[in-house]
Amino acid sequence: MSEPILSLRGMNKSFGPVHVLKNVDFDAYAGKVTALVGDNGAGKSTLIKCIAGIYTAESGEITFEGKKVEINGPRDSTNLGIEVVYQDLALCDNLDIVQNMFLGREERNGITLDETHMESLAAKTLDGLSVRTVKSIRQTVSSLSGGQRQTVAIARAVLWNSKVVILDEPTAALGVAQTVQVLKLVRRLADNGLAVILISHNLNDVFEVADYIAPLYLGTMAVQVETKNVKASQVVELITTGKSEGVVGVNA
Amino acid sequence: MSVNTDNLAAADEASLKSAVLDYVAKVKSGDIGALPAFLGLITLGLVFTFSSQFFLTARNIANLITQSTPVMVIAMGLVFVLLLGEIDLSAGFASGVCGATMVLLINDHKFPWYAALAVSIVVGVALGWFMGTLVARLRIPSFVVTLSTFLAFQGILLLMAGNGGTILLQDRFIIAVENNNLTPFVSWIFSIVGLTIYVGLGLNRILHRRRKNLKSEPFNLWLLKNGALVLVGLGLTYVLNLQRGNPPNSSIKGIPIVVPVLLALLVAGTFLLNRTIFGRHLYAVGGNAEAARRSGINVRRVRTIAFMICSGLAAIAGMLFASISNSISPTTGGGTTLLYAVGAAVIGGTSLFGGKGKLRDAILGGLVVAVINNGMGLLGFSPGTQYLVTGGVLLVSASVDALSRKGANVS
């Protein structure tokens with residue numbers, strides 16, 4: 001068993017009197033897809049926002065590549081190589097694919113934008129992800145389908161040699177064919193050596209691509225399990241009751 | 001070799017076709033661009049040429065251009081604000097206030113014209129900073145902020161004009177901007193050098209992209225656009241170099257000095273919008289402010305700077321107003337000025353919803369507005385009818401903008 005690239009231990013977070021995360025442990029491994037599942041209000045979003053630096057946890061330890069780190073803001077997590085693709089994608093419809101991928105981090109050539117360099121890099125990244133569904137990378141995002149937009153958002157996240165990519169419900173708004181495409185892309189990310197954290201409500205998706213499943217139940221991590229060792233019914237049990245007979249965790 | 005060129009030609013033809021298809025797709029996705037304004041301008045030009053013998057004369061064309069420049073410059077400033085999805089209703093009176101500042105500095109404080117102009121631009125930028133800060137930090141709707149400053153600036157202008165009412169300008173350099181012309185020889189040089197640089201840069205860009213194996217604009221299309229531009233440019237230079245005074249009493253020939261001034265602003269502004277990080281961020285904030293914020297863009301700063309640029313350009317328009325009428329009056333920048341400027345930007349293709357538009361829209365739309373007024377005036381229509389028609393054209397443009405946006409959201 002290799003060491004996790006990102007490891008959380010004993011994370012706690014409250015909003016006023018509401019204790020949202022209670023001593024949560026969580027691991028993500030390079031080259032693997034770890035699915036974070038749980039019912040509404042279980043604390044999935046809070047947990048990833050703690051990783052992304054949007055919230056700061058009250059207590060708990062974050063280890064990244066074997067070193068203890070502090071994440072106090074979005075910059076910290078970006079600098080570590082952690083990228084988040086939020087559910088609303090945060091793309092500018094009026095800009096083209098290249099412009100969106102480099103938004104906020106444009107390459108410069110003196111005071112002017114280095115368009116050709118950015119375009120080449122963007123094309124290379126999309127090629128590396130085997131994305132061939134877009135006709136031109138100079139078309140505006142408003143002309144893209146939902147799946148293509150998701151692809152652009154994911155490509156933007158991996159453009160920066162990131163090590164951990166967090167995907168928040170990437171297939172929630174997609175049709176069947178596009179869901180298949182995006183799941184293939186998620187798998188490819190992991191095969192390229194990234195640690196992928198996938199938040200999903202859809203257990204079919206989770207069983208299709210995830211190597212590990214981490215079910216949250218009312219703010220506590222039930223037990224992080226290997227996908228091949230569990231059945232869907234057991235995961236449902238973990239999500240709804242927090243325990244299930246005969247399930248062995250990876251870091252137990 | 002011949003096979004190779006054949007293939008190249010075939011590829012070019014195919015890509016011209018695909019360029020047309022791309023444009024249709026672009027329109028469907030809500031980006032209608034400047035084509036309607038362009039076609040409208042040609043249509044209007046043809047209609048007025050055939051219905052009035054005075055329309056296509058050197059004198060009328062020169063007048064049309066010089067008189068519409070202040071509104072075009074204000075419209076250029078408004079493009080920056082409109083790209084954010086905001087509005088600046090006070091730009092007209094900001095130009096009046098800044099123009100009055102400049103003239104008073106020249107008259108009462110004996111400033112040289114360039115120092116007075118520089119101070120008036122600084123005043124404009126400061127006014128823009130004030131409004132931009134209120135909009136960006138307190139998130140007061142720009143409509144309300146600039147409506148207040150619209151009234152306030154009108155008040156300031158009245159106070160500055162004082163009891164005399166009108167402040168006369170006597171500086172011959174400032175007056176020359178709108179009233180004098182380049183000599184015919186210099187006009188030709190200016191026109192040929194300008195066009196050569198433009199065409200050369202475009203060609204260089206295409207070749208650079210080809211070298212890097214990136215998709216570039218179809219060569220045919222580029223040739224078509226640039227050929228048309230060169231023809232229009234040289235044609236205009238020829239017409240403006242014709243005698244339009246009454247020799248031997250007066251001789252008026254050449255490109256009005258304000259044309260190079262306007263083009264310089266256009267080039268500088270287009271560079272800022274298309275080639276710099278600030279420009280990219282401006283479009284991003286106008287398209288999706290939340291996405292821009294999450295990408296680490298300082299949204300407040302972008303918003304504030306846009307208002308500063310808008311009022312700064314209004315200050316330059318104030319100089320042009322002073323130059324045209326040799327004076328600043330309490331109504332300078334009032335009346336229909338702001339409405340025509342907003343109309344010019346929107347008719348040119350800038351979206352009121354933010355995120356879409358180019359600086360050249362201001363000039364294209366400004367020409368449409370100017371041609372309507374000029375042509376209808378020549379045909380003897382009353383100002384009432386002119387307002388009605390201009391209002392109708394603006395409404396049509398805004399509807400096209402809204403409908404194309406709606407179409408994009410449905411698909």
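**Close-up views of a predicted two-chain model**

A:Glu65 sits in the loop that joins β4 (59-64) to β5 (67-69) of chain A. The model shown here and in the other views is predicted.

**View 1. Backbone of A:Glu65.** The phi angle of A:Glu65 is near 50°, a positive value in a residue that is not glycine. Most residues other than glycine have a negative phi. A:Glu65 counts as partly exposed because 15 C-beta neighbours lie inside 10 Å, and the partly exposed class falls between 12 or fewer (exposed) and 20 or more (buried).

**View 2. Backbone of A:Leu218.** A:Leu218 belongs to the loop between β11 (212-217) and β12 (220-221) of chain A. Its phi is positive, near 45°, and the residue is not glycine. With 15 other C-beta atoms within 10 Å, A:Leu218 is therefore partly exposed.

**View 3. Cis peptide bond in chain B.** The bond from B:Pro247 to B:Pro248 is cis, with omega near 5°. Most peptide bonds are trans. B:Pro248 is located in the loop between α9 (219-240) and α10 (258-275) of chain B.

**View 4. Contact between chains A and B.** In this interface, 22 residues of chain A are in contact with 28 residues of chain B. On the side of chain A that touches chain B, the elements giving two or more residues are β8 (112-113) and α4 (115-128). Of the elements there, α4(A) gives the most, with three residues. The residues on this side of chain A comprise seven nonpolar, ten polar and five charged.

Terms used: Residues are numbered from 1 along each chain as its sequence is written. Chains are lettered from A and ligands numbered from 1 in the order in which they are written. This is a predicted model: local features need pLDDT of at least 70, side-chain atom pairs count only at pLDDT 80 or more; totals for chains, interfaces and linings use all residues. Helices (H or I, at least four residues) and strands (E, at least two) are DSSP runs, numbered from the N terminus. Two residues are in contact if their C-beta atoms, placed from the backbone, lie within 7 Å. Ala, Val, Leu, Ile, Met, Phe, Trp, Tyr, Cys and Pro count as nonpolar, Asp, Glu, Lys and Arg as charged, and the others, Gly among them, as polar.
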